[in-house]
Amino acid sequence: QLYTSLHSTKSKNNNIKIDSVICFTFFLLILLSFVAASAVDRNLRHRETGRVRFFSEMEGVIGLVNKIQRACTLLGDYGDDRTLPTLWDALPTIVVLGGQSSGKSSVLESIVGRDFLPRGSGIVTRRPLVLQLYKIEPGQQDYAQFLHTGNKKFLDFAMVRSEIQQETDRVTGKTKQISPLPINLSIYSPNVVNLTLVDLPGLTKVAVEGQPESIVQEIEDMVRSYVEKPNCILLAITPANQDVATSDAIKIAREVDPAGERTIGVLTKLDLMDKGTNALDVLEGRSYRLQHPWVGLVNRSQADINKNLDMVVARRKEREFFATSPEYGHLANRMGSEYLAKLLSKHLESVIKARVPAILSLINTSIDELEAEMSYLGRPVAIDAQLYAILELCRAFDRIFKEHLEGGRPGGDRIYGVFDYQLPAALRKLPLDHHLAMQNVRKVVSEADGYQPHLIAPEQGYRRLIDGALNYFRGPAEASVDAVHFILKELVKKSIGETQELRRYPTLQAEIASAAIEALERFRSDSKKTVLRMVEMESSYLTVDFFRKLPQDADKGGSPISSSADRYTEGHLRRIGSNISSYVGMVSDTLRNTIPKAVVYCQVREAKRCLLDHFYTQLGKKEGHRLSQLLNEDPVLMERRQKCSRRLELYKSARDEIDSTLWGK
């Protein structure tokens with residue numbers, strides 16, 4: 001229109017000028033139209049990208065927890081072993097909580113849109129069921145997978161029900177017992193939202209036939225082990241035809257979550273209430289208020305279940321019930337299983353996002369702790385390094401043993417106590433007074449003289465009395481050897497226990513202990529022979545100068561004279577006893593100093609120098625399989641290492657999954 005108007009008014013003289021204006025105007029119009037179209041296209045693409053990103057993020061964080069939960073179960077972490085760090089407890093989880101016949105199974109099947117749970121009387125759910133839902137593209141076929149069956153796909157959901165039953169019986173038997181070991185089931189369907197739920201055994205007040213009376217408490221303990229965790233979201237199922245005040249689920253929820261912050265209440269069987277009654281007081285939060293709104297459901301009837309009523313039809317009937325209900329019509333937009341599934345998915349996603357930093361911190365801390373313990377527990381020894389490893393372990397033990405002897409560790413001071421207290425005390429307690437009593441001296445001297453009385457001094461009597469006295473020193477000498485031997489044996493055992501590297505190998509510990517004690521026995525034998533020789537040497541050659549220096553009785557002329565008449569007088573015998581006592585005292589002082597020298601030389605020094613020399617010689621002769629036997633580990637330690645290794649693998653896998661989710665987008 002602009003072009004026609006301008007062209008009709010143009011003159012011959014200004015043809016060129018007007019044509020230029022027209023062309024320029026058309027160019028501007030075309031440019032503006034392109035800009036506007038581009039802006040609209042960008043806005044549309046931005047909206048679509050935002051929707052895709054939102055869906056992807058929701059799928060990512062819930063899928064992340066699903067992966068970590070599967071890894072937890074696969075690697076043995078489902079919160080039951082308190083001796084190891086647990087990731088299971090830190091993961092946000094929705095736990096389905098309710099009494100028997102509360103409609104738990106119907107709620108789960110309504111959320112999934114499939115019949116897949118075992119049904120029957122009594123306790124049907126006897127193991128926790130970790131149910132992970134994955135939304136797939138429209139038009140794709142529903143299928144299920146169990147963690148314990150690998151990549152096998154179940155297309156027939158009747159087979160899913162059968163597999164749950166068989167897997168339950170495999171662990172618990174057919175005696176209706178329960179087990180905390182979870183079953184992991186993943187269901188892929190276009191008709192679900194991304195969600196993870198844990199179905200627990202229904203709470204009960206009485207045991208059924210074939211179950212112990214303790215089953216009631218066992219089920220409650222299992223339920224509490226889940227719901228008491230701060231990261232647990234409680235999906236409390238209560239039938240509408242039951243008073244909320246007596247609800248098993250609400251009773252426990254009130255105890256573990258008094259503020260109602262973690263509880264989402266679900267009221268089932270609304271269509272089965274008596275005529276003239278309704279559940280508005282509960283659904284609108286007047287009877288029992290929670291931080292999250294109550295959700296009402298209409299379950300399939302038993303007749304519907306028996307007729308295999310299609311879930312799509314059941315959902316439609318549920319929507320119609322709320323839409324046409326005069327009591328619940330104003331709440332219809334937040335009632336029903338479809339709304340519940342979306343609510344749970346959105347809430348779980350928000351909780352997971354809030355917990356991710358704490359979970360990541362826990363993972364990193366636990367990895368450090370587990371790696372430190374794995375380093376402490378040690379790695380398996382390669383075959384070609386076995387001899388070297390054994391020698392290094394022996395050296396580690398020997399080093400600690402020497403530290404005990406040399407004062408770096410306690411124990412060596414006890415050896416000094418033997419020499420400084422035990423030996424002197426034993427020497428003081430020798431029965432020398434009895435041996436040198438007047439009556440015994442008279443008897444020994446008289447017997448030594450025989451028919452020929454001594455003329456000047458009873459030399460044979462002296463020697464017999466000295467030999468008899470020195471013979472008493474054998475006991476303290478041997479006792480000192482045995483006392484040091486006992487201490488050395490204790491230090492060997494103590495050193496083996498303190499050698500951290502040896503704790504893994506009980507067989508090698510026993511071999512080292514046996515070899516060390518065998519060596520100590522040889523050292524004790526040599527030491528005992530040495531100290532006894534020292535006593536015998538004192539008996540075999542007397543110190544003559546000692547007796548030459550003794551004062552002698554003299555007559556008036558100064559000559560030492562002793563007649564045959566006074567050889568057995570009391571004064572003479574007392575003088576003999578006194579002289580021998582002085583001599584034995586001198587020998588006692590000598591042995592008190594030399595016995596410790598002999599003991600240290602023969603036992604302590606040799607133990608420090610060559611305690612395991614014989615063992616090393618024998619070790620070099622052993623074949624490969626015998627070396628392997630020496631490195632057989634403690635089964636308890638091997639089990640602990642295996643548990644730590646699996647748990648460390650879990651945490652590293654979880655860290656990689658979180659990093660991939662956070663930074664891989």
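Arg 504 counts as buried, because its relative accessibility is 9% and the cut-off for buried is under 20%. Keep in mind that this is a predicted model.

**Around Arg 504**

- You'll find Arg 504 in the loop that sits between helix 16 (474–498) and helix 17 (506–540).
- Its side chain makes a polar contact, at 3.1 Å, with the side chain of Tyr 505.
- Leaving aside residues up to four places away in sequence, Arg 504 touches Leu 377, Gly 378, Arg 379 and Pro 380, plus Asn 632, Glu 633, Asp 634, Leu 637 and Arg 641.

- Strand 1 (residues 93–98) pairs with strand 6 (residues 232–239) in the parallel sense, over six bridges.
- Thr 93 has Cys 232 as its bridge partner in strand 6.

- Strand 4 (residues 183–189) is largely enclosed by the rest of the structure, because seven of its seven residues are buried.
- Side chains in a regular strand alternate between the two faces of the sheet.
- In strand 4 both faces are covered: Ile 183, Leu 185, Ile 187 and Ser 189 are buried on one side, and Asn 184, Ser 186 and Tyr 188 are buried on the other.
- Strand 2 (residues 129–135) pairs with strand 4 in the parallel sense, over seven bridges, and Leu 131 has Leu 185 as its bridge partner.
- Strand 3 (residues 143–146) runs antiparallel to strand 4, joined by four bridges, and here Tyr 143 is partnered with Tyr 188.

**Cavities**

- There are five cavities of 30 Å³ or more.
- The largest cavity has a lining of 13 residues, and those nearest its centre are Val 124, Thr 125, Arg 126, Ile 164 and Thr 168.
- Helix 4 (residues 157–172) gives the largest share of that lining, with three residues.

Technical notes
Residues are numbered from 1 along each chain as its sequence is written. This is a predicted model: local features need pLDDT of at least 70, side-chain atom pairs count only at pLDDT 80 or more; totals for chains, interfaces and linings use all residues. Side-chain values use heavy atoms; hydrogens and water are left out. Buried means under 20% relative accessible area, exposed over 50%, partly exposed in between (1.4 Å probe, protein chains only). Helices (H or I, at least four residues) and strands (E, at least two) are DSSP runs, numbered from the N terminus. Two strands pair if DSSP finds at least two bridges between them. A polar contact is a pair of N or O atoms within 3.5 Å; within protein, one must be able to donate a hydrogen and the other to accept it, and residues adjacent in sequence count only if both atoms are side-chain atoms. Contact means heavy atoms within 4.5 Å. On a 1 Å grid over the protein atoms alone, a cavity is a set of points where a 1.4 Å probe fits but cannot get out, and a pocket is an open set with protein on both sides within 12 Å along at least five of seven lines; lining residues have an atom within 4 Å of a point. Grid points are joined across faces, edges and corners, and a volume is the space filled by probe spheres set on the points.
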